Amino acid sequence: MTLPLPFHETLDLSLCGNMGRVHRLCREAVTAAVEPLGLTQSRWTAMIHLNHLPDGATQQQLAHSLGIEMPSLTRTVKQLEQQQLITRRVDADDKRSRKIYFTEQGQHLLTTLKVLITDVKQQLYAGLSTEQLDTMAHGLLQMEENARSCFTRLNEER
């Protein structure tokens, strides 16, 4: 007698594939919600990541947080600066590095951005209990840790 497959094994895509698809859809929902603010996906994600970094983070720190290369970030940072949402200043300790700060206008827009994201998250989480969301969050963190360990091990084997 064969046992039935676990639900996660019956998905059209792998569990990781489904997570990627859901991530893209969630990101698209936020992008649509914040479009009236004049923010593209790259701009709002940069602002949110910058908000989670220490004040005066470097462009390199922001690029690392976003998981992108510096050339990809440079255009977005220039656009945010042109919108007067951030300002860049040369690091006093390392003249090669630039630190990023929100302007007053940027702080105000960030507040509005966070409200819109909270609204979208409430819509995305509809029908899910706190327990279900917490279980997913714990599972995602464990999978992230496992993926990092797997990646490290595979790189060491080369």
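A residue is termed buried when its relative accessible area is under 20%, exposed when that area is over 50%, and partly exposed in between (1.4 Å probe, protein chains only). By this definition, 23% of the 158 residues of the protein count as buried. The structure is a predicted model, in which local features need pLDDT of at least 70 and side-chain atom pairs count only at pLDDT 80 or more, while totals for chains, interfaces and linings use all residues. Residues are numbered from 1 along each chain as its sequence is written, and side-chain values use heavy atoms, with hydrogens and water left out.

**Figure 1. Overall fold and dimensions of the protein.** The protein contains 6 helices and 3 strands, arranged from the N terminus in the order α-α-β-α-α-β-β-α-α. Helices (H or I, at least four residues) and strands (E, at least two) are DSSP runs, numbered from the N terminus. The radius of gyration is 19 Å, whereas a compact globule of 158 residues would have one near 15 Å; the radius is taken over C-alpha atoms, and the globule rule is 2.2 Å times the number of residues to the power 0.38. Along the principal axes, the C-alpha atoms fill a box of roughly 70 × 45 × 25 Å.

Figure 2. R27 belongs to helix α1, which covers residues 15–34. With a relative accessibility of 22%, R27 counts as partly exposed. Leaving aside residues up to four places away in sequence, R27 touches Q41 and W44, where a contact means heavy atoms within 4.5 Å. The C-alpha atoms of R27 and E81 are separated by 23 Å, the two residues being 54 apart along the chain.

Figure 3. Side chains of opposite charge can pair when their charged atoms come close. A salt bridge is defined here as a side-chain nitrogen of Lys or Arg within 4 Å of a carboxyl oxygen of Asp or Glu, and the whole structure holds 4 of them. In the pair formed by R88 and E81, the closest N and O atoms are 2.8 Å apart. R88 is buried, at 16% relative accessible area, whereas E81 is partly exposed, at 26%.

**Figure 4. The salt bridge between D94 and R96.** The closest N and O atoms of D94 and R96 lie 3.0 Å apart in this salt bridge. D94 is partly exposed, with a relative accessibility of 25%, while R96 is exposed, with a value of 77%.

**Figure 5. The salt bridge between R148 and E144 in helix α6.** Here the closest N and O atoms of R148 and E144 are 2.6 Å apart. Because the two residues are 4 positions apart in helix α6 (residues 130–157), R148 and E144 are separated by about one helical turn. R148 is exposed, with a relative accessible area of 54%; E144 is partly exposed, with a relative accessibility of 37%.

Figure 6. Strand β1 consists of residues 57–58 and includes T58. The relative accessible area of T58 is 14%, so this residue counts as buried. Not counting residues up to four places away in sequence, T58 touches S97, R98, K99 and I100.
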